[in-house]
Amino acid sequence: MRVDVRELGDWAARVLDPRTAVQDAALPPARLLGDLLPGWYDDWVLLERERLRQLRLHSLEALAVRLAAAGRLAEALQAAYGAVRAEPLRESAHRTVVRVHLSEGNVVEALRAHDAFRDLIQEELGIVPTELMSRLVRGFPRPGRVAS
């Protein structure tokens, strides 16, 4: 019998284990990307749902980093955007997207991803990206700006 929670745990364990060969690392099946027991609001469900959501997000980001390091940049970008899709306000997921674009040599895409995130959190939360995010694109010339 298949149990999605167990499958998600097994997938995450493989992705997060540095001993797992990168060729054995892959995006999870779509069935593992949903929430646990949607529509249930018991305390134990809410806690377990959040635990699994965090495990999924960390695993997707880690997978993106591992795939990018192995030169599997298209797959890395898919993993990074999977984390962004799951939590649009999560800066670490957006930083991963920017890093993958930079690994590909796509500076304009990296700047676009950074600026989209900056605008999103400014609009939604009234804050700016952290120094960790800003540092990734600092020094790249911007359209309409004079490089310093």
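Modeller: Start with the side chain of Arg90, which makes a polar contact of 3.3 Å with the side chain of Ser92. Another polar contact, at 2.5 Å, links the side chains of Arg90 and Glu61. (A polar contact is a pair of N or O atoms within 3.5 Å; within protein, one must be able to donate a hydrogen and the other to accept it, and residues adjacent in sequence count only if both atoms are side-chain atoms.)

This is a predicted model, where local features need pLDDT of at least 70 and side-chain atom pairs count only at pLDDT 80 or more, while totals for chains, interfaces and linings use all residues. Residues are numbered from 1 along each chain as its sequence is written, and side-chain values use heavy atoms, with hydrogens and water left out.

Where does Arg90 sit? It is in the loop between helix 3 (73–86) and helix 4 (91–104). Helices are DSSP runs of H or I with at least four residues, strands are runs of E with at least two, and both are numbered from the N terminus. Arg90 has a relative accessible area of 14%, so it counts as buried. (Buried is under 20%, exposed is over 50%, and partly exposed lies in between, with a 1.4 Å probe and protein chains only.) Leaving out residues up to four places away in sequence, Arg90 touches Gln54, Leu57, His58, Glu61 and Phe117. Contact means heavy atoms within 4.5 Å.

Now follow the chain into helix 4. Of its 14 residues, 10 are buried. Among them are Glu91, Ser92, His94, Arg95 and His101. The buried residues pack against helix 2, helix 3, helix 5 and helix 6. (The expected span is 1.5 Å times one less than the number of residues.) Just after helix 4 comes Gly105, with a positive phi of about 85 degrees.

Phe117, one of the residues that Arg90 touches, is a buried residue of helix 5. Also buried there are Ala110, Leu111, Ala113, His114, Asp115 and Ile121. The buried residues of helix 5 pack against helix 3, helix 4 and helix 6. Asp115 counts as buried because its relative accessible area is 19%. Its side chain joins that of Arg118 through a polar contact of 3.2 Å. Asp115 and Pro129 are 14 residues apart in sequence, yet 9.5 Å apart in space, C-alpha to C-alpha. Helix 5 is followed by Gly126, whose phi is positive, near 70 degrees.

Step back to the core. The largest nonpolar core has 31 residues, and Trp11, Leu63, Val97 and Val98 touch the most other members. Helix 1 (4–16), helix 2 (43–69), helix 3, helix 4, helix 5 (107–125) and helix 6 (131–137) each supply at least two residues of this core. (Such a core is a set of buried Ala, Val, Leu, Ile, Met, Phe, Trp, Tyr and Cys residues joined through side-chain atoms within 4.5 Å.)

The whole chain comes to 6 helices and 0 strands. Buried residues make up 37% of its 148 residues.
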